[in-house]
Amino acid sequence: MFLRRKHTQKDDSEQRDAKVIELRTAIGPLSGRCSLFCTDACLMRYLEARNWNVDKARKMLEETLKWRSAYKPEEIRWHEVAHEGETGKVSRASFHDRQGRTVLILRPGMQNTTSAENNIRHLVYLLENAIINLSEGQEQMSWLIDFTGFSLNTSVPIRTARDIIYILQSHYPERLAIAFLYNPPRFFEAFYKAVRYFLDPKTAQKVKFVYPKNKDSVEMMQLYFDIENLPNEFGGNATLKYDHEEFSRLMAQDDVKTAKFWGIDEKPYQIGNGHSVAPEPAPISQQAG
């Protein structure tokens, strides 16, 4: 039986590899950033998202390449979205989960702006940042969503939530490993029911409601996270305080890493009071010189 299982696993691996080759042939020659984006691991994620149907995966991937060409998520820089992050409503954690995955912390109760477009751009920036910081061989991230201070006044409109879900599912397939909704208020259930309508069933299974007084919830959190690393607002022993200036410095450093990865030539930005600012342009006389 052991030999049969081992043989089956080998066959499955060979079939997946063959599907990746088939998809790469189907999308044709790529160059520049498209070539950098379409790694074998990337193609495998799109195939997984479309149940290994090559034609459906090709269509999905081509839509993403069009979107990336127009939206240019890899060109978003922290100084453009820093004002959205002043309250720490979305940030990358300094710790990983037990699988070594990057962790994004979301605090919907810290919502500080009303522009749907800027909110989405800020989130896309942090998705790209989380991906660039994934460990080698790791394709997915975990989300921790803290509902402290959440109210109807701070909740994003259903339409914005729908747009965010569309981008996540269409252009970042199989990037989410699991999302923990920690101690959401009862009225959030109605909001989630409306939002769940837009969720792919596979994505919906990754969303877990967690309550601090529920034994199963506590055990599930401990299964995914080291309790010593986990912030106390998620039932852990660590203390987490968002420092916008410190986080801005970290993001500015990561922007250099991002530019290098994508082959983008750009000048560094200065950091001051938690904001990234472009260097002062040289006087016209110096530019002429």
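How many helices and strands does the chain have?

1. The chain has 12 helices and seven strands, taken as DSSP runs numbered from the N terminus (helices H or I, at least four residues; strands E, at least two). The model is predicted, so local features need pLDDT of at least 70 and side-chain atom pairs pLDDT 80 or more, whereas totals for chains, interfaces and linings use all residues. Residues are numbered from 1 along each chain as its sequence is written, and side-chain values use heavy atoms, without hydrogens and water.

2. Of the 289 residues, 43% count as buried, meaning under 20% relative accessible area (1.4 Å probe, protein chains only).

3. An open sheet of mixed pairing is formed by five strands in the order S1-S2-S3-S4-S5; two strands pair if DSSP finds at least two bridges between them. Strands S1 (90–96) and S5 (207–210) are at the edges with a single partner strand each, so one side of each has no neighbour in the sheet. S4 (residues 176–182) and S5 run parallel and are joined by four bridges; Tyr 182 has Val 210 in S5 as its bridge partner.

4. Helix H11 (residues 244–262) has 19 residues and should span 27 Å at 1.5 Å a residue; its end C-alpha atoms are 26 Å apart, which agrees. The expected span is 1.5 Å times one less than the number of residues. Buried residues of H11 include Phe 247, Met 251 and Trp 262.

5. Gly 263, which follows H11, has a positive phi near 70 degrees.

Terms used. Buried < 20%, exposed > 50% of the residue type's maximum accessible area, 1.4 Å probe, protein only.
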